[in-house]
Amino acid sequence: MRLSTQERSITRFGGFCSLCAGACFFLVVCCAFLSPASVISYVASDQYFSDFKSYRPIFVLLKWLLLFANMSMIGVACTFFSLRREENHGLMAWITCVAIIGFGIGMLQSVQDLSTVPYLADKYAAGTPITREVIIALGVANPSIYILSLGLPGFWFILVSWRALGNPGIPKHLLILGFLWGVGNLLTVIAHVFVIIRLIRLVTLGASVFAPMWSIAEGLYLLKLSRAAAVPDVRADELIQ
């Protein structure tokens with residue numbers, strides 16, 4: 001395969017973004033396995049704030065990692081759109097916008113959690129019984145936001161993997177991992193919205209395999225692709241002639 005200088009540049013950029021996301025997702029999963037059940041439920045309670053005291057440093061690290069992971073995945077989504085086949089232009093334009101919205105909301109969610117949850121935990125620890133009841137009644141976060149922050153990227157993973165089935169140049173293991181990650185995202189939405197702790201643990205176990213594996217494998221594939229022989233750039237005056 002011969003790529004233009006522009007294609008090599010975007011492919012190399014996407015490879016580095018994917019590897020960065022893979023490293024972040026691996027650490028995120030490690031942090032998630034250390035999470036108490038009360039904290040991952042996002043349901044405010046006495047037990048939630050009691051467990052949060054010891055979990056707080058890991059919580060902060062996890063949210064920063066998710067922020068950088070989502071930022072990196074925006075780069076991957078842009079790379080996929082830049083390398084689209086012409087027959088997929090319309091679908092890829094739409095699903096890329098959907099993915100960027102989802103990853104962007106994921107970044108917003110991380111910032112909100114970083115600024116809100118530790119603050120509420122401090123207020124709860126120092127508050128009166130009435131203050132604590134109000135905090136528990138209002139809650140610490142809205143898990144329904146996962147519908148956007150994970151659901152939209154999940155559809156992106158599934159659709160781009162499906163459209164890539166007809167491309168013989170893309171390794172099949174990347175497509176399989178992409179499908180599994182997309183389905184896992186949708187299951188995570190269900191698990192958090194309905195607070196199904198066992199399903200949350202199950203999808204976390206799956207994410208520990210699929211997310212880092214896909215990101216790292218995709219990053220290595222894109223970097224390998226970027227080293228393909230370059231097509232000589234055509235000057236504008238040559239096109240006019």
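Along the sequence, the protein chain reads α-α-α-α-α-α-α-α-α-α. That pattern comes from ten helices, with zero strands. The model is predicted.

**Dimensions and packing**
- Taken along the principal axes, the box filled by the C-alpha atoms of the protein chain is roughly 80 × 35 × 30 Å.
- The protein chain has 241 residues, and 44% of them are buried.
- Of the contacts between residues at least 6 apart in sequence, 81% link residues at least 24 apart.

**Cysteines**
- The protein chain has zero disulfides, counting pairs of cysteine sulfur atoms within 2.5 Å.
- For cysteine 24, the closest cysteine sulfur belongs to cysteine 20 and lies 4.4 Å away, so the pair is too far apart for a bond.
- Cysteine 97 is also in no disulfide, as the nearest cysteine sulfur, in cysteine 78, is at 9.3 Å.
- Cysteine 24 counts as buried because its relative accessibility is 10%, and the cut-off for buried is under 20%.

How values were computed: Residues numbered from 1 in each chain as written. Predicted model: local features only at pLDDT ≥ 70, side-chain atom pairs only at ≥ 80, totals over all residues. Heavy atoms only, no water. Helix = DSSP H or I, 4+ residues; strand = E, 2+ residues; numbered from the N terminus. Buried < 20%, exposed > 50% of the residue type's maximum accessible area, 1.4 Å probe, protein only. Contact = heavy atoms within 4.5 Å.
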